[in-house]
Amino acid sequence: MIRVLTPLPVLLPLLGAAAALLVGGRHPRTQRTLSIAVLASVLTVSVLLLLLAHDEGATAVSVGGWPVPLGIVLVVDRLSALMLVVATTVGLGVLVFAVGQGSADGDEETPISIFHPTFLVLMAGVANAFLAGDLFNLYVGFEILLTASYVLLTLGGSAPRIRAGVTYIVVSLLSSLLFLAAIALIYASTGTVNMAQLAGRLGDLPDGVQLLLHSLLLIAFSIKAAVFPLSAWLPDSYPTAPAPVTAVFAGLLTKVGVYAIIRTQTLLFPGGALDQVLMWAALATMVVGILGAVAQTDIRRILSFTLVSHIGYMVFGIALSTAAGLAGAIFYVVHHIAIQTTLFLVAGLIERRGDSTAVDRLGGLAKASPLLAVLFFVPAMNLAGIPPFSGFIGKLGLLEAGVATGGWLPHVLVAAGVVTSLLTLVAVSRVWSRAFWRPPAQSPAADTAGAAVADAGPETGAAPTGDGGDEEPPDEDVDAGPSPRTAARRAAWERHTAVATATTPATDGLGEEVGSRRALRPLPQVMVGATAAMVVVTVSLTALAGPLYGVTDQAAEDLLDRGPYVEAVLDDLVDP
Amino acid sequence: MTPTVVLPVIIGGLYAAGVYLLLDRSLTRVLLGFLLLGNATNLLLLSTGGAAGLAPILGVAEPEEMSDPLPQALILTAIVITFGIAAFLLAIIYRSWRLVRQEVVGVDEEDRRVARRSGTDADEMDPDDLAPEDRFPAHADSLHTDRHVEELLDRHYAGIPSDDVDLPPTQGRRR
């Protein structure tokens with residue numbers, strides 16, 4: 001049963017992508033139904049795989065019937081099955097959201113006939129990376145998902161997307177080449193690329209060679225996972241893409257890198273030789289990432305920086321090399337995939353509602369759209385780790401594991417984790433208080449005044465208090481306003497809108513539209529529905545935290561044991 | 001088997017040239033650098049197969065005389081991937097040229113914007129950030145210190161507008 005099911009998460013999306021490309025532009029409705037049906041069936045298969053893998057442990061499948069060291073082998077264990085389930089759930093949610101967005105405005109920025117096949121190819125690549133039983137297949141999985149992601153990131157080919165895409169593509173290419181070079185060196189020194197065989201052979205190598213191979217792999221995967229010194233590409237490239245694309249990237253792509261790091265640290269190099277380095281990297285990732293988030297004023301960029309920052313938690317858990325740490329890291333990966341995707345989807349909704357994701361230009365969303373406010377508030381609190389939610393459970397698990405490990409560096413990391421959590425709260429609550437809670441933008445007149453200031457001098461306008469000479473004297477507003485207090489607020493508002501419009505070279509007409517209430521467009525139901533479903537998923541992670549932690553605990557023990565994985569693959573070697 | 005020095009030298013040279021080109025701002029050079037790096041990695045993969053031998057076809061050569069077929073299979077895959085991505089990069093470069101008449105790595109405007117804001121508090125709704133006349137009455141008590149600072153600034157930096165953000169003294173005004 002499990003042998004039949006295992007290749008399906010890779011095969012189904014690939015075949016679906018081909019079919020979706022064929023029906024293409026002529027039958028968009030068929031294409032949408034097809035791709036959703038494909039992903040839904042992949043989700044079913046993944047859930048079945050998780051149930052089976054949880055019962056039976058790791059299973060290996062030789063694709064094409066070639067015996068193990070020669071052919072391609074796919075391995076399902078608790079970790080990969082769990083990752084598959086979460087990834088497909090998230091993918092399905094994002095796809096439904098994208099369908100809603102596409103049918104709502106026929107957006108020419110996301111040519112729908114290309115989007116669906118590429119999205120399915122991306123999901124196939126992700127599934128292939130999770131299931132890969134040898135390093136080269138992992139490389140191919142990475143390349144499939146990366147190539148799809150290049151296309152998705154540059155959809156429509158507008159100037160900002162091309163600019164962001166170039167950074168992303170070049171950095172990804174570099175990491176892929178590093179990974180390929182690492183594979184070459186590993187093959188040269190061990191004579192195999194099969195991970196189960198490598199688990200047995202890498203330990204016999206001289207220490208220096210091991211260190212070289214280990215660090216090459218870690219650098220390649222850290223670029224993909226956006227671990228601190230190698231994370232600068234992420235906040236630059238993610239925010240420009242269409243909302244669903246950013247959401248799925250944020251949820252999945254970095255986590256594939258984290259997954260690869262988990263495999264490297266447990267299966268290939270279990271000695272924990274570079275744990276100290278990883279801990280320092282985790283520390284820097286958390287702190288630098290969250291400081292970046294606090295400094296930003298665009299919701300998508302804030303979220304991108306929190307994404308980088310929270311990768312640090314996972315790396316921290318992995319670097320602890322204990323069952324508790326790994327279990328916490330895996331739980332956190334699951335939680336973070338769901339939560340980050342949801343938040344980016346909500347950011348997409350905010351962009352539709354308020355026509356912007358810059359918190360300076362938004363306001364009054366809580367009153368204008370209470371549903372959207374709830375949809376943002378719940379996952380935002382979850383991200384910050386407010387107690388009942390899964391973010392709190394994941395962080396608590398990691399912090400407990402850190403304290404249990406002892407030593408000064410884990411304790412420093414525990415402290416940094418708490419601080420990062422608090423700063424995350426600062427970052428998201430700032431978005432909350434400014435985009436949702438504060439009064440909405442006032443009259444269009446204020447905006448035209450702001451635009452005039454913007455035209456007069458963007459440099460001076462960039463300071464919040466501005467250059468007084470360019471603005472109207474505040475006395476005028478005091479006279480016009482009903483009370484001194486509201487007048488003062490209003491004058492302050494003019495200055496803020498001046499700042500907001502000054503930051504981008506906005507024309508007068510645009511400035512008017514941004515601020516006016518007409519800009520608050522209604523939200524398509526499908527998009528809201530998909531986002532709400534994702535929010536429910538993130539909340540249900542909290543409700544299911546007990547069983548989920550049971551699975552991750554066992555997955556972590558399997559990882560540290562290495563036995564089940566290696567036996568599952570090498571049993572086939574003896575008896576194909 | 002005698003190791004050859006030619007391959008390592010070529011691989012090293014290609015890596016060096018590739019990295020050098022990759023660091024350029026021009027996208028065409030970046031592409032060329034990527035191609036060189038890809039070829040260097042392919043050669044590295046090739047060299048992992050050990051000494052050259054006969055074609056690994058059963059019946060043509062004995063297994064002992066064959067060269068290792070696995071690296072060759074890996075290289076073929078890698079070449080196909082490199083080829084496809086190089087084509088995509090070319091398309092991106094062409095698109096960039098069509099859009100902005102230049103094919104260089106662009107400047108991140110948002111980064112610049114954040115850098116410009118660095119002298120200011122990130123939370124612009126902070127009343128202390130507003131000009132004194134804009135504040136709510138409840139914040140009247142903070143006016144005094146500000147006026148005091150303004151006087152100091154006037155005395156020390158006469159003639160310079162106190163809210164010119166590029167000047168260091170204004171940092172003090174916002175505390």
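Two residues are in contact if their C-beta atoms, placed from the backbone, lie within 7 Å. I adopted this criterion before looking up anything else.

**Entry 1: conventions.** I noted that the model is predicted, that local features need pLDDT of at least 70, that side-chain atom pairs count only at pLDDT 80 or more, and that totals for chains, interfaces and linings use all residues. Residues are numbered from 1 along each chain as its sequence is written, while chains are lettered from A and ligands numbered from 1 in the order in which they are written.

**Entry 2: chain A.** I looked up the secondary structure and found 26 helices and two strands in chain A. Helices (H or I, at least four residues) and strands (E, at least two) are DSSP runs, numbered from the N terminus. I then turned to burial: a residue is buried if 20 or more other C-beta atoms lie within 10 Å of its own, exposed if 12 or fewer, and partly exposed in between, with C-beta atoms placed from the backbone. Of the 576 residues in chain A, 60% are buried. Among its contacts between residues at least 6 apart in sequence, 80% join residues at least 24 apart.

**Entry 3: the core.** A nonpolar core is a set of buried Ala, Val, Leu, Ile, Met, Phe, Trp, Tyr and Cys residues joined through C-beta atoms within 7 Å. The largest one has 215 residues, and I183(A) and V315(A) have the most contacts inside it. Helix α14 of chain A (residues 323-354) gives the most to this core, namely 18 residues. Which residues does V315(A) contact, leaving aside its neighbours within four places in sequence? I found V227(A), I261(A), L278(A), A281(A), A282(A) and T285(A).

**Entry 4: Q31(A).** I located Q31(A) in helix α3 (residues 28-56) of chain A. Q31(A) counts as buried because it has 24 C-beta neighbours inside 10 Å. Not counting residues up to four places away in sequence, Q31(A) touches A20(A), V23(A), G24(A), S113(A) and H116(A). I also checked P117(A), which is 86 residues from Q31(A) in sequence and 8.8 Å from it in space, C-alpha to C-alpha.

**Entry 5: helix α7 and backbone angles.** The expected span of a helix is 1.5 Å times one less than its number of residues. Helix α7 of chain A (residues 159-190) has 32 residues and should span 46 Å, which agrees with the 46 Å between its end C-alpha atoms. Just after α7(A), G191(A) takes a positive phi of about 80°.

Most residues other than glycine have a negative phi. S321(A) lies in the loop between α13 (299-320) and α14 of chain A, and is partly exposed, with 18 other C-beta atoms within 10 Å. R562(A), also not a glycine, has a positive phi of about 65°. I placed R562(A) in the loop between α25 (545-561) and α26 (563-574) of chain A.

**Entry 6: chain B.** I found six helices and zero strands in chain B. Of its 175 residues, 22% count as buried. An unreviewed UniProt entry annotates residues 6-23, 30-61 and 73-94 of chain B as "transmembrane region"; such annotations may be inferred rather than shown by experiment, with positions given in the numbering used here and feature names shortened. Residues 6-23 of chain B are 94% helix, with end C-alpha atoms 26 Å apart.
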